[in-house]
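Subject: Handover of a structure

Dear colleague,

Please find below the structure that I am handing over to you. My notes on it follow.

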Amino acid sequence: MLADPGELEAALLNIAINARDAMPDGGTLRFRAEPCAALPREIRTEPDAPGAPDDGFVAISITDTGGGMPDEVKERAFEPIFTTKEAGRGTGLGLSTVYGFVKQSRGAVAIDSTPGVGTTLTLYIPRPRAVDAPLHDEANAAKVVPTGLNVLLVEDESEVRAVVRIFLETLRCNVTVAASGEQALLALGPNATFDLLLTDIALGAGMRGTQLAALAQKRFPSLAVLLMSGFSSELLDADRDSPPTWELLRKPYSRDELARAIALVVGAA
Ligand SMILES: Nc1ncnc2c1ncn2[C@@H]1O[C@H](COP(=O)(O)OP(=O)(O)OP(=O)(O)O)[C@@H](O)[C@H]1O
Ligand SMILES: [Mg+2]
């Protein structure tokens with residue numbers, strides 16, 4: 001999409017917070033994104049409507065099952081400092097910021113709301129021309145990683161481990177997980193057939209990822225190594241001290257970034 005990722009994230013967060021406020025007793029919040037060739041008629045006929053880009057839009061809709069808006073609120077919802085919330089709770093700037101963001105991105109935004117039923121906000125963001133982003137589409141990201149790669153994933157935080165495992169599995173890797181360097185060494189027995197060691201640098205109180213990688217490569221010289229960390233200082237240290245064939249990946253990363261880093265190290269090893 002042709003939009004600033006940070007601003008898009010802030011817009012989605014603003015909309016989600018409104019949805020939460022509209023559902024004080026709970027409900028369902030649903031996000032959906034789909035390609036869309038043209039804007040809906042009611043937006044297209046607005047005087048300042050954007051032209052249709054060659055590749056259309058991505059329509060991102062956020063639906064809640066909250067109280068909805070009566071027409072007089074819906075009409076004013078994008079106005080700066082318009083709020084129905086009590087003093088001190090809402091600034092009324094949330095949706096006007098969202099509006100500013102979509103306009104600046106040459107997109108549009110629509111509200112569909114029914115009192116008592118719920119609200120859907122839909123953002124229309126222009127899509128880049130297909131040739132601009134070959135690596136961003138799913139199939140291509142997976143293609144750069146050889147199918148059936150045997151990966152030893154070492155990560156002490158269980159939630160991060162679960163997410164990275166899913167990334168790897170959707171990249172068609174065979175994944176073995178370890179929660180510490182010590183556990184990883186057990187998996188690196190004489191019969192191990194790993195192609196890649198993907199390890200966090202800081203692994204709780206135990207051995208560090210860099211030490212693990214050095215020991216592992218001593219046992220299996222052709223093992224590819226990809227280190228990850230959320231700390232710049234750790235990445236700098238590792239960059240200085242580690243062999244040039246090791247790669248570093250800064251957390252958090254997307255599945256595409258992981259795929260490209262893997263392609264780099266398995267190509268080098
Ligand atoms: N999902 C929704 N369901 C019901 N009403 C909504 C929803 N989203 C926005 N509104 C209405 O639109 C008004 C303006 O929303 P906006 O996000 O601009 O400001 P706010 O939420 O009141 O304040 P702020 O976002 O600054 O905290 C809200 O006060 C509310 O009346
Ligand atoms: Mg708001």
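How many bridges join β3 to β4, and in which sense do these strands run? β3 and β4 are joined by seven bridges and run antiparallel.

Before the details, a word on conventions. This is a predicted model, in which local features need pLDDT of at least 70 and side-chain atom pairs count only at pLDDT 80 or more, while totals for chains, interfaces and linings use all residues. Residues are numbered from 1 along each chain as its sequence is written, and chains are lettered from A and ligands numbered from 1 in the order in which they are written. Helices (H or I, at least four residues) and strands (E, at least two) are DSSP runs, numbered from the N terminus.

The antiparallel sheet

Four strands make up an open sheet in the order β1-β2-β4-β3, with antiparallel pairing; two strands pair if DSSP finds at least two bridges between them. At its edges are β1 and β3 (108-114), each of which pairs on one side only. From one strand to the next, the twist averages 15°. V109 has L123 in β4 as its bridge partner. β1 and β2 run antiparallel and are joined by eight bridges, and L29 has D64 in β2 as its bridge partner. β1 is hardly covered, for the count of buried residues among its eight residues is zero. Here a residue is buried if 20 or more other C-beta atoms lie within 10 Å of its own, exposed if 12 or fewer, and partly exposed in between, with C-beta atoms placed from the backbone.

Helix α1

Helix α1 (residues 5-22) has 18 residues and reaches 26 Å from its first C-alpha to its last, close to the 26 Å expected (1.5 Å times one less than the number of residues). Its residues A11, I15, N18 and A19 are buried. These four lie on the same side of α1, because they cover an arc of only 100° around the axis (the arc of the directions from the helix axis to the C-beta atoms). On the other side of α1, P5, G6, E9, L13 and I17 are exposed. The cover over the buried residues of α1 includes β1 (29-36), β2 (57-64), α4 (94-104) and β4 (118-126). α1 lies across β1, β2 and β4 and runs at about 20° to β2. Such angles run from 0 to 180 degrees between N-to-C directions, with axes fitted as lines to C-alpha atoms, for helices over the stretch in contact; contact means C-beta atoms, placed from the backbone, within 7 Å.

The parallel sheet

An open sheet of five strands has parallel pairing and the order β6-β5-β7-β8-β9. β6 (174-178) and β9 (247-250) are at the edges with a single partner strand each, so one side of each has no neighbour in the sheet. The twist averages 20° from one strand to the next. Four bridges pair β8 with β9 in the parallel sense, and M228 stands opposite L249 in β9. α8 packs on the sheet, touching β5, β7 and β8, and its direction makes about 160° with that of β7.

The nonpolar cores

A nonpolar core is a set of buried Ala, Val, Leu, Ile, Met, Phe, Trp, Tyr and Cys residues joined through C-beta atoms within 7 Å. The largest has 36 residues, of which L196, L197, V225 and L226 touch the most other members. A second, separate core of 20 residues includes A3, M69, A108 and V109.

With kind regards

Note on methods: Two residues are in contact if their C-beta atoms, placed from the backbone, lie within 7 Å.
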